[in-house]
Structure formats: structure tokens, C-alpha cells
Amino acid sequence: MMWRWSFWVLAADAAASLLRRPWHAVGMMSGIMLGVASASAAIVIADTQQGQIDLRFDLQRSDHVVVQAENVPRDGFSADQLRLVAGLEPVSSVGEFSNWSDGEPVTRSIASTIATVPVIVADRGGLEASGTEVIHGASADALGDPGRTAIAWVGRELADDLGVAPADGQALTDSQIVVRGHAYSVAGIVANDGGFGYVENSVILSRPVAVSTVGGTGQNVRVVAHVRPGSAAAVAGYAVRTLDPSGDLTLMDKTPADGEKLLKDVGGDLRRVGAALGGFVGLVGMIAIANTLMMSVHHRLRELGLRSAMGWSRRRIGLLVLTESGIAGLVAGVLGTAVGLACAAAWCWLHGWTLIMPAVLPCVVIGGGVAASLVGGLLPAWRAASISPLTAMRS
Amino acid sequence: MTGGTALIQLRGVGLEVLAPAPTRILHPLDLDVAAGTSVTITGPSGAGKTTLASIIGALQPPSEGTYQFAGSEMMGRSKRDLAAFRSQHLGFVFQHSHLIEERSSIANVALGITDPTMSRMDRDQRCQHVLDLVGLASLANRRAADLSGGERHRVAIARALAKSPSVLIADEPTAALDQPTGQAILDLLAQVTARGATLIVVTHDVRAAEMADQVVSIVDGRRA
């Protein structure tokens with residue numbers, strides 16, 4: 001109780017000492033205020049910038065998962081297996097999208113043009129998941145139609161090369177192409193502006209058609225899932241375990257890297273830069289407060305000597321100066337945080353960014369300001385406590 | 001010395017400083033001061049008057065001799081103990097009053113109270129009371145910077161009296177004042193002994209010497 005009363009008396013005395021010399025107090029606080037303002041602004045801007053980077057990375061991050069199998073049953077993965085993957089929350093579509101053959105001679109039945117192009121085996125889900133769109137002709141639903149055995153979809157560029165693409169505004173005419181000696185009706189023309197651009201120069205067949213006509217061993221069968229950006233790695237891991245619980249199929253995660261590590265590294269660097277900047281300015285503020293307090297102590301030699309002569313202990317005189325320093329740090333911390341956040345908000349507003357501020361930031365930076373002030377006040381407090389009571393007698 | 005048991009007893013107390021060169025400031029001397037009496041320390045400038053007062057006031061330790069206060073040895077005490085001793089027993093009035101210019105009279109007086117257990121109300125009442133004693137009750141809230149020289153000395157005396165010290169040490173309390181004001185201050189100090197406190201005044205003022213129970217004359221660091 002006595003201690004508490006004594007502290008408030010000391011705090012009131014310290015506050016009165018600060019108010020007695022307002023310009024000294026302003027000078028003392030400006031350093032810490034600058035430090036706290038810089039630290040809070042730097043941290044908030046770094047966090048906001050981190051948010052912007054997250055946003056931009058999301059646009060660049062992989063939005064699909066690719067799982068490739070070495071040994072797949074002739075009929076491919078079962079619908080039940082694919083449904084398990086499709087049921088995951090981040091997955092919007094899933095299906096087969098296999099490179100059945102890397103290069104097959106393709107020609108149009110009525111022309112001499114021959115191209116060697118990949119043959120892709122896909123289902124409707126696979127086309128959706130790969131971002132492949134049917135721009136002419138029958139929709140991808142027909143890929144699952146067992147009654148239509150000799151149909152194929154052709155990539156946009158290949159269709160142009162083979163001359164099966166319709167003229168602008170015209171419907172797809174009844175055309176045929178020949179792949180490894182088998183004739184197929186061109187059911188549709190597809191395009192892909194995403195990560196599967198090679199589709200533009202490929203032939204797409206359904207699995208039953210490919211097995212019965214082109215033939216093959218089922219190498220390099222791939223399942224593609226379209227996922228929410230950022231969830232690719234997790235979905236890929238789950239898909240591998242779901243599609244091949246026994247491990248017999250030698251499934252491999254072929255999902256493109258989405259820069260997760262790079263994002264974390266960049267974010268960490270930004271935070272470190274912000275903290276270093278704030279810390280450096282805080283250090284300057286600490287030196288400023290120590291310097292101003294030291295001058296203040298020098299100007300108050302007589303007063304402090306008088307207090308000592310009247311019986312104030314060295315501890316109490318030191319605490320008085322330290323309390324002045326702490327009060328200055330608290331006020332400077334509050335003002336500096338307000339100024340820093342206002343500057344950061346203005347900066348974000350100018351750039352059209354959404355301000356991101358950790359909830360604990362004000363407490364942390366104000367606490368940091370007070371701590372820096374107290375550390376900066378240690379030397380002046382020691383100096384004040386060392387003043388001889390004789391100073392009052394002799395001055 | 002007149003009557004009573006010695007409150008302050010100095011035996012062979014002297015002061016020699018070693019830096020920058022060995023210098024004898026005060027030669028060994030004896031002094032007894034009884035409780036409730038007044039002592040005037042006189043002598044020319046630089047004679048060692050203030051040094052003697054600062055030793056009595058526990059502001060600096062002597063380099064030799066013994067100092068007993070109310071029977072307790074003062075030599076060898078820590079700085080903390082000496083601060084507590086000053087806080088408990090001594091009041092000081094300095095030559096230039098040493099008020100904090102920007103603070104009010106009553107706030108300056110409150111600086112003299114070092115007892116942290118005293119409630120704020122008791123402290124304010126005590127400050128008002130001592131300001132009343134020195135005739136400045138009406139100027140309690142006036143800033144020290146706005147007081148006259150005599151008023152500033154009265155506030156300094158009030159500050160020294162605020163904790164009811166058993167010994168009041170005044171260093172040249174009339175040096176910077178005109179004659180009537182100086183006399184008023186001496187009259188005020190005289191009331192201190194009337195209230196039972198011991199008064200030690202360092203002065204050139206012959207009027208102070210005439211009022212004292214004991215006069216100690218110091219010349220060239222020696223008791224004359």
C-alpha cells in the first residue's frame with residue numbers, strides 16, 4: 001500500500017517535472033515517438049504488403065493437381081475412387097486427363113496433311129479440371145457416351161492445320177480424321193488457355209475409344225483435379241492415398257510447385273526488414289531520450305541535489321528520473337502508434353490496399369516505446385542518483 | 001553552549017581533501033550543540049563555515065574525528081542511512097532558497113516532506129500550516145518565479161519546517177536580502193528554537209550572531 005502510494009506520488013512528481021519543461025519533454029518524446037511511429041507503420045505496411053503478395057501469389061499458385069500412375073488398370077480409375085477425390089472441399093472438378101500417346105500421325109481423311117500429335121484420353125471431369133473448353137461442336141458430355149465409339153475432339157491449332165475448323169460464325173461441319181489408321185468423326189474442337197496448352201495441338205479420345213482403337217498399355221495415366229489455389233499440395237497427398245491405397249500403382253504427385261516456400265521466404269524477409277527498420281529507429285529514439293534526459297539532469301543538478309539534501313534516497317531520485325522517462329515513453333508510444341497507423345492507413349489507401357494490422361500491434365509497439373524509454377533513462381537516472389547533496393549547498 | 005544534553009557532539013572533526021592536491025579545509029575541532037539551542041557559525045569567506053555546516057548536516061563525511069547525533073555515531077554510515085537521517089532529522093535553508101521556479105509555493109513546500117506514508121490530505125494540511133507559520137498562506141498557489149526574494153526565503157524555510165526537523169541548518173539565509181527582509185527572516189528562524197528545534201545558522205550577519213545561544217567563529221579552517 002505504502003509502495004503504491006509512494007509510486008503515485010513519484011509519478012505525479014515526475015509528470016510535474018515533465019510539464020515544467022514542455023519543450024524538453026517534447027524533445028525527449030520526439031525520438032521515441034518517431035521510433036514507435038516508424039515501427040508501427042513499418043510492421044503494418046509489411047503485413048499489408050504480405051497480404052498483397054499472398055493475393056498475387058494466389059493468382060500464380062497452382063489451381064490444379066496432377067497425379068500420374070505408372071500401372072493403371074485397363075479401365076482406369078473407378079468412378080468411386082474419383083468421387084472420393086471430388087468430394088474434397090477445395091476440389092471443384094476431377095477426372096482423367098492422360099497423355100495416352102506422345103506422338104501419333106494424324107491426317108484428315110480427305111486431305112494429305114499429316115501431323116504427329118499427342119493423343120489425350122480424357123473424361124468430362126478431366127477436361128473441366130484441366131481448363132479445356134469445347135469451343136465448337138459437341139460438349140464434353142459425349143466423352144462418356146458408350147454408344148459413340150468413333151468420335152474425337154481436336155485441339156484448336158490442330159483443327160486449323162487439318163482444315164476441320166469451321167469458318168467464323170459457322171457450325172462445325174461433319175469432318176473425319178484418321179489416327180493410326182482409324183477414322184474418327186470430329187465431335188468438337190477444344191481450346192486451353194491455362195496450364196495445358198498442348199491440348200491445342202492434340203487429339204482427345206475417351207478411354208474406351210482409345211483402348212479399342214489406338215490401343216496401348218495404360219502408361220502415364222493421369223488424374224487432374226481443379227482445386228482452390230493454395231490447397232494443391234494437400235489435395236495431391238490425399239488423392240495419391242485415395243486412388244492407390246495399396247501403393248501398387250506407383251502414383252506420383254506431378255502437381256506444379258506453387259511457390260509456397262518462396263512466399264514464406266518473401267514474407268519472412270518483409271517482416272525482418274520492417275522489424276529491423278522499426279528497431280533501428282527505436283534505437284535512435286532511445287539514444288535521443290537518453291541524451292535529452294541527460295541534459296535535463298544536468299540542468300537540474302541543483303534541484304536534484306536539493307532533493308538529496310532533504311533526504312531523498314539515491315534510489316528514489318533515480319526512480320524519479322526513470323519514471324519521467326517511462327511517462328515520456330508511454331505518451332510518445334501512444335502518439336507514435338497513432339501517427340504510425342495513420343501514416344500506414346494513408347499509404348494503403350493511396351495504393352488501394354486493405355490495411356492489415358495484427359491486433360496486438362498497438363500493445364507491442366507502445367510497450368516497446370516504454371521499454372526503450374526506460375532503457376534510455378537508465379544512465380541519466382544513475383547520473384541523477386549519483387548527484388551529491390553538497391551540490392545544493394555549494395551551488 | 002547553554003544548558004541541556006548535547007544533541008550534536010563533534011570531537012576532533014576535520015576535513016582534508018586529497019585531490020587535486022592535499023588541502024586542509026577544516027582543522028580538527030570540537031563542538032557541542034544542545035537540543036533546542038541556536039548556534040551561529042561565523043567567519044570570513046572561505047574559512048570553512050559551510051564545510052562545518054555540511055558535516056553537521058551529514059551532506060559530507062569528515063575525514064577525521066567522531067560525530068555523534070543524539071548519542072548515535074554518524075561516522076561510517078552508508079549513504080542510504082545518511083539520506084534517511086537527513087530525511088528524519090534535518091531541515092535545510094540554502095543561501096539562494098533553491099525553489100523550483102515553475103511550481104507553486106505549496107508544491108515547493110511539499111518537496112520537503114519525504115515521508116511516503118503521509119496521506120495527501122495530511123501533506124497538504126501540513127504544507128498549508130507551515131506556509132501560515134511563515135506568513136505566506138495567501139500565496140500558497142503562487143508560482144515561485146513570481147515571489148519576491150523575501151517570500152522565496154520564507155517558502156524555503158517553510159519547506160525546511162514541513163517535516164518538523166529536530167535541527168534546522170540555514171546557510172547564509174540573509175545574504176541576498178535587504179536589511180528589513182533579512183531581519184524578518186532572522187525573526188522567523190528565531191521562532192524555530194522557540195518551538196524546540198535546534199538552529200544552526202552560517203552567516204556573516206552580526207544580528208544573527210547576537211541572537212544565537214552559541215557563536216562558533218571559524219578562521220582559516222580553525223575554530224577561533
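Two strands pair if DSSP finds at least two bridges between them. Strands (E, at least two residues) and helices (H or I, at least four residues) are themselves DSSP runs, numbered from the N terminus. The model is a predicted one, in which local features need pLDDT of at least 70 and side-chain atom pairs count only at pLDDT 80 or more, while totals for chains, interfaces and linings use all residues. Residues are numbered from 1 along each chain as its sequence is written, chains are lettered from A and ligands numbered from 1 in the order in which they are written, and side-chain values use heavy atoms, with hydrogens and water left out.

Strand 7 (residues 167–171) of chain B runs parallel to strand 8 (residues 198–202) of chain B, and five bridges join the two. Val167(B) has Thr198(B) opposite it in strand 8, and Asp171(B) has Val202(B) as its bridge partner there. On another side of the pairing, strand 6 of chain B is also parallel to strand 7, with four bridges between them; here Leu90(B) is partnered with Val167(B).

How many residues of strand 7 of chain B are buried? Five of its five residues are, and the strand is mostly covered; buried means under 20% relative accessible area, exposed means over 50%, and partly exposed lies in between (1.4 Å probe, protein chains only). In a regular strand the side chains alternate between the two faces of the sheet. Val167(B), Ile169(B) and Asp171(B) are buried on one side of strand 7, and Leu168(B) and Ala170(B) are buried on the other.

These strands belong to an open sheet of six, ordered 6-7-8-3-9-10 in chain B, with mixed pairing. Strand 6 (90–93) and strand 10 (222–223) of chain B are at the edges with a single partner strand each, so one side of each has no neighbour in the sheet. Chain B also has an open sheet of four strands in the order 2-1-4-5, where the pairing is antiparallel. Its edges are strand 2 (23–34) and strand 5 (72–73) of chain B; each has a single partner strand, so one side of each is left without a neighbour in the sheet. Eight bridges link strand 1 (residues 6–17) of chain B to strand 2 in the antiparallel sense, and one of the facing pairs is Val13(B) with Leu29(B).

Strand 1 (residues 64–69) of chain A is largely enclosed by the rest of the structure, because six of its six residues are buried. His64(A), Val66(A) and Gln68(A) cover one side, and Val65(A), Val67(A) and Ala69(A) the other. Six bridges tie this strand to the antiparallel strand 9 (residues 221–227) of chain A, where Val66(A) stands opposite Val224(A). Strand 10 (residues 251–253) of chain A is antiparallel to strand 1 as well, through three bridges, and Ala69(A) has Leu251(A) as its bridge partner.

Helix 11 (residues 361–385) of chain A has 25 residues, and its end C-alpha atoms are 35 Å apart, which agrees with the 36 Å it should span at 1.5 Å a residue (the expected span is 1.5 Å times one less than the number of residues). Helix 11 bends by about 40 degrees at Leu378(A), and Pro380(A) follows within four residues; the bend is the angle between axes fitted to the seven residues ending at a residue and the seven starting there. Among the buried residues of helix 11 are Gly376(A), Gly377(A) and Pro380(A).

On a 1 Å grid over the protein atoms alone, a cavity is a set of points where a 1.4 Å probe fits but cannot get out, a pocket is an open set with protein on both sides within 12 Å along at least five of seven lines, and lining residues have an atom within 4 Å of a point. Helix 2 of chain A gives the most to its lining, with three residues. The second largest pocket has a volume of about 460 Å³. Of its 18 lining residues, the closest to its centre are Val9(A), Ala12(A), Arg103(B), Ala110(B) and Arg123(B). Helix 1 of chain A gives the most to this lining, with five residues.

Terms used. Points joined across faces, edges and corners; volume = space filled by probe spheres on them.
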